Amino acid sequence: MSPVANPQVQILTHEFPPFTGGIGVYVKETAQALSESGGNCTVWAPGYGATPDEPFPFRVSRVSMRGKHDIVCRWRMGRAIGRAFPSGKIPGTVVLAEPGPILWWMGGRFPRPPAVDRLVLVLHGSEVLKFTRNPKARDRFGLLLKQVECVGVVSETVRQMLLTNYPEIEGKVV
């Protein structure tokens, strides 16, 4: 990946403050680090109703959804992205930070994911198990892995789990 001046990064997540678990903390800290290093970062996150945002050094675009991985939340994320990028193309890098956005992207419809310059996945572990148990999901996840430029994993265990099932992507895993 070549360096880009003031890169645009869109991080899609179904978990973000004020409700935080490991993924929410990871997304917040990643977006903060990108912003502090000069990146132009937007986090697409659940609205959780009428929760006020704490001040972040990056943009947060709240989507009207609960933050679940169900079809309704995935559809609402897709619709919000589609409205924000009516050309059907997102410039810069899109990071699918957890299973909700990954499931939307794998589904490929309702609404259809946009074209992107660069696609990055972050895998935390449980989604690898989930996607490899079902043959149909395994195939769709394999197709998604062919599209991505980079797959970030949070541990060596997750890396090994991923490469056991998809050895052809070894050069993309960091």
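The side chains of R66 and D70 meet in a salt bridge, with 2.4 Å from N to O. This pair comes from a predicted model, and the structure holds 4 salt bridges. Side chains of opposite charge can pair when their charged atoms come close. Both partners of the pair can also be described by their accessibility: R66 is partly exposed, with a relative accessible area of 48%, and D70 is likewise partly exposed, with a value of 27%.

In one of them, the side chain of R159 meets that of E156 at 3.9 Å, N to O. E156 and R159 both lie in helix α6, which covers residues 156-165, and they are 3 residues apart, about one turn of the helix. In the other, the side chain of R159 meets that of E170 at 3.8 Å, N to O. This pair links distant parts of the chain, since R159 belongs to helix α6 while E170 lies in the segment after α6, 11 residues apart. E156 is partly exposed, with a relative accessible area of 47%. E170 also counts as partly exposed, at 48% relative accessibility.

| D70 | R66 | 2.4 Å |

Strands of a sheet pair through backbone hydrogen bonds, either parallel or antiparallel. In this structure, an open sheet of 6 strands shows parallel pairing, in the order β3-β2-β1-β4-β5-β6. Its edge strands are β3 (59-63) and β6 (150-153), each of which pairs on one side only. On average, neighbouring strands of the sheet are turned by 25 degrees against each other, direction ignored.

Strand β2, residues 40-46, pairs with β3 in the parallel sense over 5 bridges. Within this pairing, T42 stands opposite R59 in β3.

Helix α2, residues 71-84, packs on the sheet and touches β1 (8-12), β2, β3 and β4 (89-96). The direction of α2 makes about 145 degrees with that of β2. Helix α6 lies across β5 (115-123) and β6, and runs at about 135 degrees to β6.

**The packing of α4 and α6**

Helix α6 also packs with helix α4, residues 126-133, at an angle of about 20 degrees, and the axes of the two helices are 9 Å apart. Angles under 35 degrees count as roughly parallel, and α4 and α6 are therefore roughly parallel to each other. The crossing of these two helices is left-handed. On the α4 side, the residues that meet α6 are V128, L129 and T132, and their partners in α6 are V158, M161, L162 and N165.

**A buried proline in a loop**

P17 lies in the loop between β1 and α1 (22-36). Is P17 buried or exposed? P17 is buried, because its relative accessible area is 5%, and buried means under 20%. Leaving aside residues up to four places away in sequence, P17 touches G24, K28, Y48, E54, F56 and R62. P17 and K130 are 113 residues apart in sequence, and their C-alpha atoms are 25 Å apart in space.

Conventions: Residues are numbered from 1 along each chain as its sequence is written. This is a predicted model: local features need pLDDT of at least 70, side-chain atom pairs count only at pLDDT 80 or more; totals for chains, interfaces and linings use all residues. Side-chain values use heavy atoms; hydrogens and water are left out. Buried means under 20% relative accessible area, exposed over 50%, partly exposed in between (1.4 Å probe, protein chains only). Helices (H or I, at least four residues) and strands (E, at least two) are DSSP runs, numbered from the N terminus. Two strands pair if DSSP finds at least two bridges between them. Axes are lines fitted to C-alpha atoms, for helices over the stretch in contact, and angles run from 0 to 180 degrees between N-to-C directions. Contact means heavy atoms within 4.5 Å. Angles under 35 degrees count as roughly parallel, over 145 as roughly antiparallel, 65 to 115 as roughly perpendicular and the rest as oblique. A crossing is left-handed if the near helix is turned anticlockwise from the far one by less than a right angle, and right-handed if clockwise.
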